Amino acid sequence: MKEEKKFFPGYLTAAGCLIVMFFFMGALQTIGVFIPAIAKDFSSIAGVGYMIIFANASGFLLSLVASKVIKKLSPKWTLFLCSFLCAGHFLIYSISQNIGHLYLGAVIGGFTIAWGTHSCVAAIIQSWFIEKRGTMIGIVFGAAGFGASFMTFLAGQLMNAFDWRTAYRYLALILLAITIIANLLLIRDPKKMGCKPLGWEREAELEAEAAKKAANAQGIIRAEAIKTPAFWCLCIGLFLSAFMLTGFSNYAPAFWQSRGTASVVTSNWISVYSAIGAIAVILAGVMADKFGAKVFASYNYIVYIIGIVVLLLTGGVFSAGAAFIVCLMCGLAYPTTGSINATLIRYVFGDKDYNGINTVIHGF
């Protein structure tokens, strides 16, 4: 009789990471739905929109010490901490009495951006998987991208049933309960369980293959890359690209609502946009390989321009057909928010010092 293979517990841990990422990433992208309602109580839409700057600036600065924090606390306890911080920044929003409180809440949200998403979850996956590591990271990160669609939809429904403050409180409770339960029941440390990562018996072989691949990699190092015009063109271009989808997802609801569309309707359409965007990110690598980096990059910017032109031409008279075209076109351009840089860097500079070059360009 053949010996039955035991279920590998690393898959449960990956599922737990997916759930936590799903809610963290989704929660952090709901602000666009709330901005119009918050602005009515506090300030102009522009003034409330500065919350996004505070959150991202906080996230950037905190990311500089993320590796040290995650190592000190362990990835599991870092995620526990971020569950309370992410829920806490929603609660601060819900009880805020002035716009300064909103900015404080946004800064607290930056902790989750820096410590509770990609870097922390990647560390957990790496501890469980030597084989299939890239596949599992791709699945977890890709599927978690749908969190924005779900959480935006949920936020819209809660705002329709209650006010924006109550909606934030419910979201905080839902997020806190689900992420803590997922962490407690699913996320484990292989060493504490007496387990070895998947593919441990081939670790030396895989490391040798990786070293050989790195030695044979084509391209240039970062010190050489930064001396080229292409490097700085990419930095500036990707810096400007980041405005596109951030601007759309955060301010399209306000634009539609200013023309009489109900908030619940706008949140539903932004959730459609987010779902299309998640699919676009998953398929981005396949498209780039099939059509080449130049065509892939051009395609992303062209479909975005089409979507914005349709939005401007039809924004005064909201219709489901026009909204779908706008969300489809802008959703297809979603890779410009981050994943496009991986394709362009490899195309321009090769793989020899990809990580070194990407750390600079991704920062832009």
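This is a predicted model: local features need pLDDT of at least 70, side-chain atom pairs count only at pLDDT 80 or more; totals for chains, interfaces and linings use all residues.
Residues are numbered from 1 along each chain as its sequence is written, and side-chain values use heavy atoms, with hydrogens and water left out.

Q: How many aromatic pairs does a search of the whole structure find?
A: Rings of Phe, Tyr and Trp (its six-membered ring) pair if their centres lie within 6.5 Å; planes under 30 degrees apart count as stacked, over 60 as edge-to-face and the rest as tilted. A search of the whole structure gives a total of 22.

Q: What is the class of the aromatic pair formed by Trp 77 and Phe 80?
A: Trp 77 and Phe 80 are three residues apart in helix 5 (residues 75-95), so about one helical turn separates them. Helices (H or I, at least four residues) are DSSP runs, numbered from the N terminus. The ring centres of Trp 77 and Phe 80 are 5.0 Å apart with 35 degrees between the planes, and the pair is tilted.

Q: What kind of pair do the rings of Phe 248 and Tyr 273 form?
A: The pair links distant parts of the chain, with Phe 248 in helix 13 (residues 229-257) and Tyr 273 in helix 14 (residues 263-291), 25 residues apart. Both Phe 248 and Tyr 273 are buried. Their ring centres are 4.9 Å apart and the planes stand at 65 degrees, so the pair is edge-to-face.

Q: How far apart are the end C-alpha atoms of helix 16?
A: The expected span of a helix is 1.5 Å times one less than its number of residues. Helix 16 (residues 320-332) has 13 residues and should therefore span 18 Å; the distance between its end C-alpha atoms agrees, at 18 Å.

Q: Which helices do the buried residues of helix 16 pack against?
A: The buried residues of helix 16 are Ala 322, Ala 323, Val 326, Cys 327, Met 329, Cys 330 and Gly 331. Contact means heavy atoms within 4.5 Å. The packing partners are helix 13, helix 14 and helix 15 (293-314).

Q: Which backbone oxygen does the side chain of Thr 13 reach?
A: Thr 13 is in helix 1 (residues 10-28) and counts as buried because its relative accessibility is 1%. A polar contact of 3.4 Å joins its side chain to that of Trp 128; such a contact is a pair of N or O atoms within 3.5 Å, where within protein one must be able to donate a hydrogen and the other to accept it, and residues adjacent in sequence count only if both atoms are side-chain atoms. At 3.2 Å, the side chain of Thr 13 reaches the backbone oxygen of Leu 186.

Q: Which helices do the buried residues of helix 7 pack against?
A: In helix 7 (residues 118-128), the buried residues are Cys 120, Val 121, Ala 122, Ile 124, Ile 125 and Trp 128. They pack against helix 1, helix 4, helix 5, helix 6 (99-115) and helix 8 (133-144).

Q: What is the phi of Ser 74?
A: Ser 74 is found in the loop between helix 4 (66-73) and helix 5. Its relative accessibility is 23%, so Ser 74 counts as partly exposed. Although Ser 74 is not a glycine, its phi is positive, at about 85 degrees.

Methods
Helices (H or I, at least four residues) and strands (E, at least two) are DSSP runs, numbered from the N terminus. Buried means under 20% relative accessible area, exposed over 50%, partly exposed in between (1.4 Å probe, protein chains only).
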